[in-house]
Amino acid sequence: MSHSNIEAGLGGDATPRWYVVQCKGGESFRAAEHLANQGYELFHPVLEVQKKRRNKLTWVEEPLFPYYLFLRLDQVESNWRPIRSTRGVLKIVTFGLSMPVPVSDELIDLLRQHGEAKDDDPGQLYFRAGESVEITDGPFKDLKAVFESHKGEERAIVLLNMLHRQQRLEMPVAALKRQD
């Protein structure tokens with residue numbers, strides 16, 4: 001058993017397994033990049049979400065687990081020592097007697113399959129039908145409405161109570177925000 005394996009408190013299993021690495025706040029992308037540059041096999045599940053940026057909706061990548069990523073290591077050949085000092089890494093997650101506990105291959109496979117499945121469901125868009133929204137711009141600013149549907153990428157249909165009945169209005173998606 002090598003010195004680095006003794007330091008990590010590991011046995012002599014040469015079977016590669018997935019382990020959880022905890023990253024410093026907001027640095028999982030940095031940690032993933034630096035670990036990959038060092039030659040580690042890693043899995044950093046991300047998802048694309050719509051966010052408002054400068055009053056426009058844009059797609060951004062966010063980590064599925066904001067402070068974590070997965071590394072595939074074995075307890076004999078893998079060099080565990082540089083992991084903890086890698087930029088963005090806080091520690092390898094341990095349980096009990098400071099022993100890293102592997103994550104099942106099945107879980108990683110399931111996460112990968114879910115990430116690869118491209119779902120065209122409009123429910124993944126920024127607003128969902130029936131959701132309460134506030135109008136943030138234009139002649140109806142500060143009024144509450146109900147989101148009905150998207151009309152293209154940048155337009156939306158909302159239901160607004162006016163004159164004692166619901167009126168359908170089309171407006172820019174950027175002029176809406178979730179009601180607090």
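Biologist: Is His44 buried or exposed?
Modeller: Buried. This is a predicted model, and in it His44 has a relative accessibility of 13%. The cut-off for buried is under 20%, so His44 qualifies.

Biologist: Where does His44 lie?
Modeller: In the loop between β2 and β3, with β3 spanning 46-53.

Biologist: Which side chain does His44 join in a polar contact?
Modeller: That of Ser28. The contact is 3.0 Å.

Biologist: And what else is His44 in contact with, leaving aside neighbours within four places in sequence?
Modeller: Besides Ser28, there are Phe29, Ala32, Pro63, Tyr68 and Leu69.

Biologist: On to α2. Which residues of α2 are buried?
Modeller: Ser28, Ala31, Ala32 and Leu35. They cover an arc of only 100° around the axis, so they sit on the same side of α2.

Biologist: What covers those buried residues?
Modeller: The cover includes β1, β2, β4 (56-63), β5, α3 (81-84) and β6.

Biologist: Which exposed residues are on the face turned away?
Modeller: Glu33 and Asn37 are carried there.

Biologist: What about Arg30, where is that found?
Modeller: Also in α2, which runs over residues 28-37. Arg30 is partly exposed, with a relative accessible area of 38%.

Biologist: What does Arg30 touch, not counting residues up to four places away in sequence?
Modeller: Arg87 and Gly88. Thr86 is 56 residues from Arg30 in sequence, and the C-alpha to C-alpha distance is 9.4 Å.

Biologist: What happens just after α2?
Modeller: Gly39 takes a positive phi there, of about 95°.

Biologist: Now the rings. How many aromatic pairs are there?
Modeller: The count is 3. One of them is Phe43 with Phe70, and that pair is stacked. The centres are 6.1 Å apart, with 25° between the planes. Stacked needs planes under 30 degrees apart, so 25° passes.

Biologist: Which parts does the Phe43 and Phe70 pair tie together?
Modeller: Phe43 is in strand β2 (residues 41-43) and Phe70 is in strand β5 (residues 68-73), so the pair links parts 27 residues apart in sequence.

Biologist: Are those two buried or exposed?
Modeller: Both are buried. Phe43 has a relative accessible area of 11%. For Phe70 the value is 6%.

Biologist: What about Phe65 and Phe70, why is that pair edge-to-face?
Modeller: The planes of Phe65 and Phe70 are at 85°, with ring centres 6.1 Å apart, so the pair counts as edge-to-face. Phe65 itself is partly exposed, at 31% relative accessibility.

Biologist: Which residues form the aromatic cluster?
Modeller: Phe43, Phe65 and Phe70 form one cluster.

Biologist: What sits over the ring of Phe43?
Modeller: The charged end of Arg112. It is 4.8 Å from the ring centre.

Biologist: Switching to the cores. How many residues has the largest nonpolar core?
Modeller: It has 15 residues. Those with the most contacts inside it are Val21, Leu35, Leu69, Leu71, Leu73 and Ile83.

Biologist: Which elements give two or more residues to it?
Modeller: β1 (17-23), α2, β5 and β6 (89-92).

Biologist: Take Leu71. What is it in contact with, leaving aside neighbours within four places in sequence?
Modeller: Arg17, Trp18, Tyr19 and Val21 are among its contacts.

Biologist: One more loop. Where does Ser78 lie?
Modeller: Between β5 and α3. Ser78 is buried, at a relative accessible area of 16%.

Biologist: What does the side chain of Ser78 reach?
Modeller: The backbone nitrogen of Asp74, at 2.9 Å.

Biologist: Last, the overall picture. How many helices and strands are there?
Modeller: There are 4 helices and 13 strands. The protein has 180 residues, and 34% of them count as buried. Among contacts between residues at least 6 apart in sequence, 59% join residues at least 24 apart.

Definitions and conventions. Residues are numbered from 1 along each chain as its sequence is written. This is a predicted model: local features need pLDDT of at least 70, side-chain atom pairs count only at pLDDT 80 or more; totals for chains, interfaces and linings use all residues. Side-chain values use heavy atoms; hydrogens and water are left out. Rings of Phe, Tyr and Trp (its six-membered ring) pair if their centres lie within 6.5 Å; planes under 30 degrees apart count as stacked, over 60 as edge-to-face and the rest as tilted. Buried means under 20% relative accessible area, exposed over 50%, partly exposed in between (1.4 Å probe, protein chains only). A charge sits over a ring if NZ of Lys or CZ of Arg is within 6 Å of the ring centre and within 35 degrees of the ring normal. Contact means heavy atoms within 4.5 Å. A nonpolar core is a set of buried Ala, Val, Leu, Ile, Met, Phe, Trp, Tyr and Cys residues joined through side-chain atoms within 4.5 Å. The arc is that of the directions from the helix axis to the C-beta atoms. A polar contact is a pair of N or O atoms within 3.5 Å; within protein, one must be able to donate a hydrogen and the other to accept it, and residues adjacent in sequence count only if both atoms are side-chain atoms.
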